[in-house]
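Colleague: I am new to this model and would like to learn how to read it. Could we go through a few features in turn?

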Amino acid sequence: MRIIIVENYEEMSKKAAAMMASQIILKPESVLGLATGDTPLGMYKELIRMYNENMIDFSKVKTFNLDEYYGLGKDSNQSYNYYMTNNLFKHINIDKENINIPNGMVKNIEEECISYEKRIKEAGGIDIQVLGIGVNGHIGFNEPDVNFEAETHLVNLDEKTIESNSRFFKCIEEVPTKAISMGIKTIMHSKKIVLLANGASKADAIAKTVNGKISPEVPASILQLHQDVAIIVDKEAASKL
Ligand code: PGA
């Protein structure tokens with residue numbers, strides 16, 4: 001694991017965007033694994049700036065998002081599909097055909113999960129996966145559990161996650177209780193991983209991820225076994241390292 005401690009959120013975002021940009025410049029048909037939440041917003045803004053300054057071209061890039069709430073459609077402004085459109089995709093020259101996000105409205109969940117894994121494999125696997133981290137150590141929506149979930153699957157969201165994500169909804173009752181998420185195996189198959197964290201609320205999760213025992217109770221701890229992980233953290237998130 002490479003731990004990169006930076007001054008603040010802005011620096012974290014710029015460093016992450018630089019890694020993504022260098023991946024796209026070196027391989028224009030890169031397959032990017034993308035994350036949602038507050039953490040990567042600054043990175044997306046920086047990537048849009050780089051695109052506007054003709055530094056990067058997304059025309060051949062393919063993307064796969066980590067997860068989507070189960071029961072929310074594209075048009076729901078709380079869906080991750082909506083988030084991605086508004087925070088990145090509508091601002092860049094990505095081909096819509098190359099965007100992949102689990103379908104939260106699908107009837108046959110098992111078929112959707114199998115098809116998502118198949119599409120990732122057919123694209124040649126994920127070249128670089130961006131991750132945020134939950135206060136409980138989750139990555140994607142792989143919540144603390146007794147075993148590591150393997151591939152894309154339906155998850156029951158943890159109480160802490162529902163509580164933490166309720167800030168985006170009118171009330172906690174509106175937060176979906178299930179989601180479709182890439183599994184730990186899917187994430188671990190990515191060639192490179194960049195995990196971002198900022199703020200004191202993530203300090204415990206980061207300390208356990210980096211120095212703790214590898215355990216499904218802290219899903220991100222499995223990253224200790226990946227050969228190419230960069231963890232970019234601001235001073236506050238790094239305060240317990
Ligand atoms: P956040 O979420 O970026 O909104 O803090 C991260 C996560 O839950 O993975």
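Colleague: In what sense do strand S3 and S5 pair, and over how many bridges?

Modeller: Strands of a sheet pair through backbone hydrogen bonds, either parallel or antiparallel. In this predicted model, S3 (residues 62–65) and S5 pair in the parallel sense, over two bridges. Take Phe-64: Asn-100 in S5 is its bridge partner.

Colleague: What is the order of the strands in the open sheet?

Modeller: The order is S1-S10-S9-S6-S2-S3-S5, seven strands with parallel pairing. S1 (2–6) and S5 (99–100) are the edge strands, each pairing on one side only. Helix H7 (residues 203–211) packs on this sheet and touches S1, S9 (192–197) and S10 (229–234). The direction of H7 makes about 150° with that of S10.

Colleague: At what angle do helices H2 and H3 pack?

Modeller: H2 (residues 41–52) and H3 (residues 80–87) pack at about 40°, and their axes are 10 Å apart. On the H2 side, Leu-41, Tyr-44 and Ile-48 take part; they meet Tyr-83, Met-84 and Asn-87 of H3. Sorted by class, this contact has five nonpolar residues, one polar and no charged ones.

Colleague: Is Asp-158 buried, partly exposed or exposed?

Modeller: Buried means under 20% relative accessible area, and exposed means over 50%. Asp-158 has 22% relative accessibility, so Asp-158 counts as partly exposed. Its place is the loop between strand S7 (153–156) and helix H5 (159–165).

Colleague: Which residues is Asp-158 in contact with, leaving aside neighbours within four places in sequence?

Modeller: Those contacts are Asn-136, Glu-143 and Pro-144. As for Met-105, Asp-158 is 53 residues from Met-105 in sequence and 20 Å away in space, C-alpha to C-alpha.

Technical notes: Residues numbered from 1 in each chain as written. Predicted model: local features only at pLDDT ≥ 70, side-chain atom pairs only at ≥ 80, totals over all residues. Heavy atoms only, no water. Axes fitted to C-alpha atoms, helices over the stretch in contact; angles between N-to-C directions. Helix = DSSP H or I, 4+ residues; strand = E, 2+ residues; numbered from the N terminus. Contact = heavy atoms within 4.5 Å. Nonpolar A, V, L, I, M, F, W, Y, C, P; charged D, E, K, R; others polar. Pairing = 2+ DSSP bridges. Buried < 20%, exposed > 50% of the residue type's maximum accessible area, 1.4 Å probe, protein only.
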